[in-house]
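Please read the following alongside the sequence and the coordinates. It goes through the fold step by step, starting from a single side chain.

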Amino acid sequence: MDHTDAQLREAAEKLALTLAQGGMQKTTARVMTALLFSQDDTMTAADLCDVLRISSGAVSGAVKQLIPTGMIERVPAPGSRRDHYRFREHAWATLMSSQNALLATMEDAAAEGIKAAGRDSTAGRRLDEMQNFYAFMQREMAALIDRWREQYDAGRLPS
């Protein structure tokens with residue numbers, strides 16, 4: 001392992017630890033960051049086992065959690081029978097877009113509370129603010145992600 005690879009592994013493990021502290025399962029975080037920081041376009045499950053020193057079952061479980069989030073994807077590899085995985089292009093925007101479902105759920109919960117309590121009640125006033133906030137965030141997040149995609153695809157965003 002050369003110096004650059006060691007630095008990338010260290011950075012990946014540091015991010016994985018941060019993600020695990022934030023609630024992601026540790027192995028899932030390690031698999032995700034291994035793919036994110038990899039210099040290779042794709043990695044097989046065996047590659048992930050080798051690099052992370054974890055079992056194939058642990059890799060399989062992590063992959064099953066990560067694919068539905070849109071962070072990683074299974075890709076065909078010509079001439080190979082093994083599944084190959086890679087970190088998805090625009091994964092961060094995809095992840096943030098999926099957060100809109102949570103925003104909508106929060107807005108709906110507030111609306112349900114307002115319906116039960118009445119908008120002019122003490123609870124209703126708090127819930128009205130909640131509903132307004134989540135409706136605003138949902139609109140703005142979608143527009144913000146669209147703007148980012150346009151600028152990123154056009155190469156107009158500084159790093």
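Predicted model: local features only at pLDDT ≥ 70, side-chain atom pairs only at ≥ 80, totals over all residues.

Leaving out residues up to four places away in sequence, Gln65 touches Gln25 and Thr28. Gln65 lies in helix H4. Along the chain Gln65 and Thr28 are 37 residues apart, yet their C-alpha atoms are separated by 7.2 Å.

Which helices does this pair bring together? Helix H2, residues 26-37, packs with helix H4, residues 56-66, at an angle of about 80°, and the two axes are 9 Å apart. The angle makes H2 roughly perpendicular to H4, because values from 65 to 115 degrees fall in that class. On the H2 side the contact is made by Thr27, Thr28, Val31 and Met32, and on the H4 side by Ala58, Ala62, Gln65 and Leu66. Sorted by class, the contact of H2 with H4 has 5 nonpolar residues, 3 polar ones and no charged ones.

Helix H2 itself comes next. It has 12 residues and reaches 16 Å from its first C-alpha to its last, close to the 16 Å expected at 1.5 Å a residue. Buried residues in H2 are Thr28, Ala29, Arg30, Val31, Met32, Thr33, Ala34 and Leu35. Thr33, which is found in H2, has a relative accessible area of 0% and is therefore buried. With its neighbours within four places in sequence left aside, Thr33 is in contact with Ala12, Leu15, Ala16 and Leu19.

In soluble globular proteins, nonpolar side chains tend to be buried together. Here the largest nonpolar core has 18 residues, and those with the most contacts inside it are Val31, Leu35, Leu48, Ile72 and Phe87. At least two residues of this core come from each of H2, helix H3 (45-52), H4 and strand S3 (84-87). What does Leu48 touch, not counting residues up to four places away in sequence? The list consists of Val31, Ala34, Leu35, Met43, Arg53, Ile54 and Val59.

Arg53, one of the residues that Leu48 touches, lies in the loop between H3 and H4. Its relative accessibility is 76%, so Arg53 counts as exposed, the limit being over 50%. The backbone of Arg53 has a phi near 55°, a positive value in a residue other than glycine. His90 also has a positive phi, of about 60°, although it is not a glycine. His90 is found in the loop between S3 and H5.

Is Leu103 buried or exposed? With a relative accessible area of 12%, Leu103 is buried, because the limit is under 20%. Apart from residues up to four places away in sequence, Leu103 touches Tyr134, Met137, Gln138 and Met141. Of these, Gln138 is 35 residues from Leu103 along the chain, and the C-alpha atoms of the two are separated by 6.0 Å.

Methods. Residues numbered from 1 in each chain as written. Heavy atoms only, no water. Axes fitted to C-alpha atoms, helices over the stretch in contact; angles between N-to-C directions. Helix = DSSP H or I, 4+ residues; strand = E, 2+ residues; numbered from the N terminus. Parallel < 35°, antiparallel > 145°, perpendicular 65-115°, else oblique. Contact = heavy atoms within 4.5 Å. Nonpolar A, V, L, I, M, F, W, Y, C, P; charged D, E, K, R; others polar. Buried < 20%, exposed > 50% of the residue type's maximum accessible area, 1.4 Å probe, protein only. Core = buried A, V, L, I, M, F, W, Y, C linked by side-chain atoms within 4.5 Å. Expected span 1.5 Å × (residues − 1).
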